[in-house]
Amino acid sequence: MTNLLVNRTLECEGLACPLPVVRTKKTVEEMQTGEVLEVRATDKGSVADLQSWAKRTGHQYIGLKEDNGVFRHYIRKSDPTEIKEERKFPHLIAHEEIQKKLSAGEKMNIVDVREPAEYAFGRIPGAVSIPLGELEGRMRELDPEQEYYLICRSGNRSDIACQTLAENDFKYVKNAVQGMTEWTGEVEKD
Amino acid sequence: MMTIQKMTAKEVTKMVLNNEELFILDVRNESDFNDWRIEGNSVEIINIPYFDLLDDFNPALESIPDGKSVLVVCAKEGSSIFVAEQIAEAGRSHVSYLEGGMKSWSEYLEPVKVADLSGGGELYQFVRIGKGCLSYMVLSNGEAAIIDTSRMIDQYEQFMQEKGAKLLHTIDTHLHADHISGGRALAQKYGATYYLPPKDATEVTFDYEKLEEGKDIYVGNETIKVQPIYSPGHTIGSTSFIIDSKYLLTGDILFVESIGRPDLAGLAEDWVGDLRETLYSRYRDLAEELIVLPAHFGKVTELGERGLVSGRLGALYKENPGLNIQDEGEFRKTVTENLPPQPNSYQEIRQTNMGKITPNEEEQREMEIGPNRCAVHDK
């Protein structure tokens, strides 16, 4: 299995309940908001418990991979107290329009700025992954004369990404502001 | 430091059966708790997942009535120890946890004596209280037969050892869909004969002895007669038994407060007629004095004295709602529509009982987790 790029990995193989959840909680506390943790566990009970724990604490449970009896959980730290950031970038695109263009077979440059693990568990078909943190460094891969649609989970990270590109003379950038949480169309997975 | 005690599934079973007051804090996640939990007439149970208590332990303390003893329960036992220790450290006394968690609860069998038999033998019902399965042992003159054996064969072995009995037969009333049969494994181990109804065994991968009407089975110098009666409906092969002319073992066809569901082998529509025929005609012809001993119970209210699940056939014809649906269309509707969810992994369990797949012990355990839901009225 290919390893997904994460900020931290927590090894809980061989540990029984409650330790996987207890250690996950402690580790997430030490991490920064937005970072992704991979938890490796062999206890089957960890599956329902970690998902339930994430839901109750507001952290984003990205997905689960199972490989030879090892469960790999991907969790992104969120800060439940954080105020919803005000979006500044004015040019937006609605999912309906993206859907229309895709159905018409139009070539679209969709850039998914979420973390690699989030991208791996489901993205719009054809979307390219450039996590927000890597955008400045990888901007050369993009062409300022082309049109780009940026997407993340909820429209916040893509808002920042749009601003960054606009500041660097990209002319045709739009924020797919509804984010993946509201995407009901086809998804592509690893 | 305050100490915590451990309680075994056997001890908890005794408390439930004796109607002793028991306060349980179940710390599993919400969905597991909603699916199944320890029940009893005198059991008070609440659910707070252990991971809700990592930051703030007060909800647990506040939930326990003052001065009451508390039993903490989880899936395997780790989280219940973790929580129980904190409750004890907060100064509460009489704190215990369930050894082996719900895993042990699901596997424990309580032997309950049904009766002494006329030829000097004994009949026992093994109550799998955590899952609602019932199996039976006929003992006579140093010989034993087991009907609807559960997967935990060591508990029957120990019992036979205590009774000084040698295993002769294991018999399944039908191909089970809610639990893995231990009948074949146990028969193999002791050179006993494993019986199955041939109509349920068309796809099995092993040798077995055919259960047939008219072909009686004897235990203990031919003193105890086990008389098979073909009674299809839950499965096409379902077979009942009359033991000692007094006890009617109904398998999953007739329960004390409900009747069997015909849908677990995917043929509900086809088998409705058989089920009705068995319940409304074939059993009608039997003596009302027979004591019905089913293979399941649905609710703890069905547990009688000492935990015994039984009912007089005549009384069941008066009180069991499943035996009192006069209209055939209405009956068809009851047993095919609005059925409870199917038991956990029932397809894989059937495959295992046919010998088509051989999961390891841990996998078998996982497949059986949860309630059995073999009756029409189990919710």
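First, some housekeeping. This is a predicted model, in which local features need pLDDT of at least 70 and side-chain atom pairs count only at pLDDT 80 or more, while totals for chains, interfaces and linings use all residues. Residues are numbered from 1 along each chain as its sequence is written, chains are lettered from A and ligands numbered from 1 in the order in which they are written, and side-chain values use heavy atoms, with hydrogens and water left out.

**Stop 1: the sheet in chain A**

Show the strands of chain A and look for an open sheet of four, in the order 6-5-7-8, with parallel pairing. (Strands are DSSP runs of E, at least two residues, and helices are runs of H or I, at least four, numbered from the N terminus; two strands pair if DSSP finds at least two bridges between them.) Strand 6 (128-129) and strand 8 (172-175) of chain A each have a single partner strand, so one side of each is left without a neighbour in the sheet. Now select residues 110-112 of chain A: this is strand 5, joined to strand 6 of chain A by two bridges. Click on A:Val111 and you'll find its bridge partner, A:Val128.

**Stop 2: the sheet in chain B**

Hop over to chain B. Its open sheet has five strands in the order 1-5-4-2-3, again with parallel pairing. At the edges stand strand 1 (5-7) and strand 3 (43-47) of chain B. Select B:Gln5, and opposite stands B:Ser96 in strand 5 of chain B. Next, highlight helix 4 of chain B, which lies across strand 2, strand 4 and strand 5 of chain B, at about 175° to strand 5. (Angles run from 0 to 180 degrees between N-to-C directions, with axes fitted to C-alpha atoms, for helices over the stretch in contact.)

**Stop 3: where the chains meet**

How many residues of chain B are in contact with chain A? There are 13, facing 13 residues of chain A, where contact means heavy atoms within 4.5 Å. Select B:Tyr50, B:Phe51 and B:Leu54: together they supply 42% of the area that chain B buries against chain A. (Buried area is the accessible area, with a 1.4 Å probe, that two parts lose on being put together, summed over both.)
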